[in-house]
Amino acid sequence: MGLRIHFVVDPHGWCCMGLIVFVWLYNIVLIPKIVLFPHYEEGHIPGILIIKRELWELCNKCNLMRPKRSHHCSRCGHCVRRMDHHCPWINNCVGEDNHWLFLQLCFYTELLTCYALMFSFCHYYYFLPLKKRNLDLFVVRHELAIMRLAAFMGITMLVGITGLFYTQLIGIITDTTSIEKMSNCCEEISRPRKPWQQTFSEVFGTRWKILWFIPFRQRQPLRVPYHFANHV
């Protein structure tokens with residue numbers, strides 16, 4: 001017995017179907033025409049959100065659509081745009097929104113570590129040991145050991161943060177994240193190489209280099225030329 005096409009005259013069903021069609025037309029035709037496109041022409045919405053939606057992909061872990069170059073963090077439980085790594089020192093992922101703050105953290109940590117090491121080394125060559133008074137205090141009696149421990153911790157911190165800062169800078173210059181380097185999915189052939197000024201401007205959200213060192217500001221996504229907007 002073959003299948004027959006039947007037409008049910010049901011006012012309730014017609015209302016439901018009409019509501020679905022109205023909602024679909026409202027969000028597909030009316031909203032982009034009177035809201036999204038005018039804002040895009042004024043520069044309020046990056047073109048990447050409209051013309052590059054087809055480059056999104058489905059995450060096989062959280063079953064949500066995500067932009068290209070995103071990664072699902074197993075510790076945070078959600079996808080992070082342009083995720084570089086999950087940092088236990090800040091208990092958060094380093095991605096598109098906070099990568100610039102992580103770079104500033106590394107940079108100023110290096111400066112403070114060098115500042116502390118300078119005082120530690122000056123102690124050995126210029127400061128006299130505190131032996132003339134308060135000999136019963138623990139700090140005075142173990143002054144040299146305390147300064148040596150401080151110098152050791154400073155050198156260890158400087159070496160570690162320098163290596164981390166160097167890898168971050170290389171990643172930004174080459175426009176690759178740490179996860180992409182480990183998984184070899186950088187697509188170097190299909191993605192054009194950007195100048196380092198462009199990659200740093202995208203990370204910090206501004207082309208003003210002096211603002212790259214200022215953490216007390218709000219980062220805005222940088223609008224990039226279309227031929228550089230291969231990935232979100």
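Modeller: A disulfide is a pair of cysteine sulfur atoms within 2.5 Å. Before we start, this is a predicted model, in which local features need pLDDT of at least 70 and side-chain atom pairs count only at pLDDT 80 or more, while totals for chains, interfaces and linings use all residues. Residues are numbered from 1 along each chain as its sequence is written, and side-chain values use heavy atoms, with hydrogens and water left out.

Colleague: Thanks! How many disulfides does the structure hold?

Modeller: Let's look at two cysteines. For Cys93, the closest cysteine sulfur is in Cys73, 3.2 Å away, so it is too far for a bond. The sulfur of Cys106 has its closest cysteine sulfur in Cys87, at 7.7 Å, which is also too far. For the structure, the number of disulfides is 0.

Colleague: Is Cys106 buried or exposed?

Modeller: Buried means under 20% relative accessible area, exposed over 50% and partly exposed in between, with a 1.4 Å probe and protein chains only. The relative accessible area of Cys106 is 1%, so the residue counts as buried.

Colleague: What distance does helix H5 reach from its first C-alpha to its last?

Modeller: Helices here are DSSP runs (H or I, at least four residues), numbered from the N terminus. H5 takes in residues 143-173, which makes 31 residues. The expected span is 1.5 Å times one less than the number of residues. For H5 that expectation is 45 Å, and the model comes close to it, with a reach of 44 Å.

Colleague: Which residues does Gln168 contact, leaving aside neighbours within four places in sequence?

Modeller: Contact means heavy atoms within 4.5 Å. With those neighbours set aside, Gln168 touches Asp84, His85, His99, Phe102, Leu103 and Ser178.

Colleague: And just after H5, which residue takes a positive phi?

Modeller: H5 ends at residue 173. Just beyond the helix, a positive phi of about 60° is found at Asp175.

Colleague: Last one: what separates the C-alpha atoms of Phe204 and Gln218?

Modeller: Phe204 belongs to helix H7, residues 196-204, and its 5% relative accessibility is why it counts as buried. Its contacts beyond four places in sequence include Trp100, Leu103 and Trp212. Gln218 is 14 residues from Phe204 along the chain, and their C-alpha separation is 9.9 Å.

Note on methods. Helices (H or I, at least four residues) and strands (E, at least two) are DSSP runs, numbered from the N terminus.
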